[in-house]
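Hi everyone, thanks for coming. Let me walk you through a structure that may be new to you, so please have a look at it with me.

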Amino acid sequence: AATVSGVTVGTTAAADKSVAAATSFKGGDKIIVSVKTDGAASNVEIGAKLTYQDGQVAGEQKQTINTTGPETTNIEFSNANPWPAGKYTVDVTLNGAPAGTQQSIEVAK
């Protein structure tokens, strides 16, 4: 079965899908949630949810993966308008169940 071994949030992804961790973002930044998984599984659903400080969901996406070993899946959030300044939490799920460590980020004014 697949398990989440790490969650990193940043603004750019390298060719190997790795993301440099960031906690402070600008309003126009793309927010990338990089989810590392281990194990083999078919049709595993990875989800990421971005929640604003007032509890409003700023974005939610899911991807289905098939994996035979360590894998990195990136889920990108972008906004047509600048992200509202403030604090956000990033939650990751694996097949609908909470997985990985919740991340806290902040969009600067």
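When I say contact, I mean heavy atoms within 4.5 Å. With that in hand, 60% of the contacts in the protein chain with a separation of 6 or more are between residues 24 or more positions apart.

A word on the source: this is a predicted model, where local features need pLDDT of at least 70, side-chain atom pairs count only at pLDDT 80 or more, and totals for chains, interfaces and linings use all residues. Residues are numbered from 1 along each chain as its sequence is written, and side-chain values use heavy atoms, with hydrogens and water left out.

So what is in the chain? You will find zero helices and eight strands; helices (H or I, at least four residues) and strands (E, at least two) are DSSP runs, numbered from the N terminus. Buried residues, meaning under 20% relative accessible area with a 1.4 Å probe and protein chains only, make up 38% of the 109 residues. Along its principal axes, the C-alpha trace spans about 40 × 30 × 20 Å.

Now to the sheet. Five strands form an open sheet in the order E2-E8-E7-E4-E5, with mixed pairing. Strand E2 (24-25) and strand E5 (57-67) each have a single partner strand, so they stand at the edges with one side left without a neighbour in the sheet. Two strands pair if DSSP finds at least two bridges between them. Strand E4 (residues 41-52) runs antiparallel to E5, over nine bridges. And which residue in E5 is the bridge partner of Lys49? That is Glu60.

Notes: Buried means under 20% relative accessible area, exposed over 50%, partly exposed in between (1.4 Å probe, protein chains only).
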